Amino acid sequence: MRLLGYGDRLSVPAGGRIEFKVSSELPEFTPTLQRLRRGGSPVHECDLLEEEVAADLPATVPGRVQVARAGSYVEAPLRDDVPVDGAGLAIWLSPTRLDGDREQTVLSLTAPDGAAGYLLSVSARGCALRDAGGTEVARLAVAPVEHQWSFLAATVSRDGEVRLALHRGRQSHFQDLRGQQSGFTDTRSTAGWMLRVGAGPRGEFFNGRLARPVVATTGWAAEATSRLAGGEDAVTVLGTGGVSALALGRDPAAAAVADDGSLTAGGTAVNRPASAVPGPFWRCRETDFRRVPGEYDALHLHEDDLDDAGWETDVVLTVPADGASGAYALKITAGEHVDRIPFVVTPSEGTPPAPVLVVLPTWTYLAYANWRTYAEFEEERVALYGERRGVDPRDRWLARHPELGKSLYDVHTDGSGVMYSSRARPIVNIRPDYYTPTTRGLRHFAQDLSLLDWLDRRGEDYAVITDDELEDRGADALAGHRVVITGSHPEYSSARMLDAYQAHVDSGGRLMYLGGNGFYHVTARHEGPSGAIEIRRARGSQTAWASGAGEEHLSGTGEPGGLWRWRGRAPQRQFGVGMTAQGFDEASGYRRTPQSCAADWVFAGVDVAVGEVFGDEGPGLGGAAGDEIDRADVALGTPADAVVLATSVGHSASIVLVPDDRTISYAVPTAPDPRVRSDIVIFGRPGGGAVFAVGSIAWSTAMTHKGGDNAVSRLTGNVLDRFRDHPDPVADA
């Protein structure tokens, strides 16, 4: 990809400003504003529909190559009034990937010109102290043990005596080495010097956990090293003068890192290393870091962490004040090279609420952002699907560019799970023409454009917002809109978002959940320009990786992570249905239930009698009930008065029950499992509120079959019309 970019946000109100950062290997490119009407491409079963919108944009923009730099660390500039009269560096470390002879810097103290300072590093061969130029000063042929805590310290006295020590294990096994460092006799000021934790001035990133870093501009005695290795506080042992003791885990939600010493004014965590992880003195008795903050004094750093690509702005767009709410893209073109950087235009403040509001699940888009499985595990995918479905060329390119960060479904190079995902980077799979092998075409953003196209074809008056507006404004973001419609896969939600949906229905609003596997994972968003979201993956759920021991509380909020179901908020309680199964070979249709006669208006003009099957054809997976599906379950909170309108039938053995529902049983299992089904439900609430849920990601794709002339589309239209116009839409049900 020779032309690629991202915006500084995923949504902007009409009349607002959005900035775009572009990397171009071509001399120049042309930007245009496009309204995205429908997702697609020549390899999909539908064409991409877009229309150019007049905007104040330059005719051409000079191209330049911009590079993302992955790798997390903490840096803190030293105060400029401290003399250098030696050096001391010490840190607790638990490496997670010692890669042969490659040295990883755990702590560095260097002058701005690189002419002075020291780097403390580790590798599978041992530990080393180097000067700022890279010359080895001292070495231990003993390495720390992966996934176990060790204490590493180095001191250099004014007269050149060097001591390097590694304390490994509870038995305080360590090696001590003395050497001579010549030429370190001048007293230097620390103006412009930088302290880095987990990286050197040229990178050399560390993979693993680090805690309790101590840096001093003078050496200290061996007895002080022993006391630090025993867990004593650095300020107690060394005082504050000329000493830095960065409190790495004290505020897990913040990028700012306090310094208990006086050598720096504090540091900054770069590229969001994992916080709220246990440190070397975690006693394993409490897993909530808020209750024992002193035991959670570590950060987990990775060479492939990326929070903000840091690209410079190339194009600034002020959205026309009269711009219609909807999905848009900055289309950048250079010859045959094209990229579309998507964003949503939301209603400007004071705009009368449209009758219909669509909430695009952008947190789910971020959760899957730059998911690398399609190219990296292509053959495994063939076995999963039972056929070769192809791969979007952008995924193959992405596999060669780890610096662009990963999705919440990936693992870092050290095998630990990726728990943060941000928008401040190029994201190649949030594109209107992106091809998803899982569904033979459309999924996520590209699929949700099909819903907007369906609304356009019906002539609906609608507005669009994203998960961010819902998180920012809560129930106010939905107020005044008669009908709120979700996207196809609103999997990642915060408590504030769930509360907003509930308040909307309780106040008489109507909600159409037109997707599957929704409202599943406890999710939080971090403050800051990157808009990073965070999850922790609990065991016993449908998961790509599991959080480590003591790491299941979100660093952003402190709340337990995992599934909302285990927090007492199973999706069935609010939306009538919740995640039950997934599979990607074929989708199925639904059989209308006898109970549906209580809401016979739903099937008006659909020509589907009780007991008959509908929705068993369409693009992608070939039906309306597929991909990931939800079931109604009174035991999990489905309202007793909810009407199950239809239930999916004919699923293959490849559609499997989620682990959330699997327990050890000595009874002969029923085949097929009756819980493997998608249910369509509807129910009302006092005051005219109502909920309609389809329980399937594939639903909105099936709505497009035969240009929208199909039972799934007509049924959905009936519900929308009733929800929009009737004072109490399910009063007769």
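Predicted model: local features only at pLDDT ≥ 70, side-chain atom pairs only at ≥ 80, totals over all residues.
1. A search over the whole structure gives 63 salt bridges. The points below take up a few of them, with the places and the accessibility of the residues where these are known.

2. One of these salt bridges is formed by the side chains of R158 and D85, with a distance of 2.4 Å from N to O. The pair links distant parts of the chain, since R158 sits in the loop between β14 (150-156) and β15 (161-168), while D85 sits in the loop between β8 (83-84) and β9 (87-95), 73 residues apart. R158 counts as partly exposed, at 40% relative accessibility, and D85 is also partly exposed, with a relative accessible area of 29%.

3. R525 and D472 likewise meet through their side chains in a salt bridge, at 2.5 Å from N to O. Because R525 belongs to strand β35 (residues 524-525) and D472 to helix α8 (residues 467-473), this pair ties together parts that are 53 residues apart in sequence. D472 has a relative accessible area of 44% and is therefore partly exposed.

4. Between R567 and E559 there is a further salt bridge, in which the closest N and O atoms are 3.1 Å apart. Are its two partners buried or partly exposed? R567 is partly exposed, with a relative accessible area of 32%, whereas E559, at 14% relative accessibility, counts as buried because the cut-off for buried is under 20%.

5. Salt bridges can also share partners, and in this way E50, K331, R340, D392, R394 and D433 are joined into one network.

How values were computed
Residues numbered from 1 in each chain as written. Heavy atoms only, no water. Salt bridge = Lys/Arg side-chain N within 4 Å of Asp/Glu carboxyl O. Helix = DSSP H or I, 4+ residues; strand = E, 2+ residues; numbered from the N terminus. Buried < 20%, exposed > 50% of the residue type's maximum accessible area, 1.4 Å probe, protein only.
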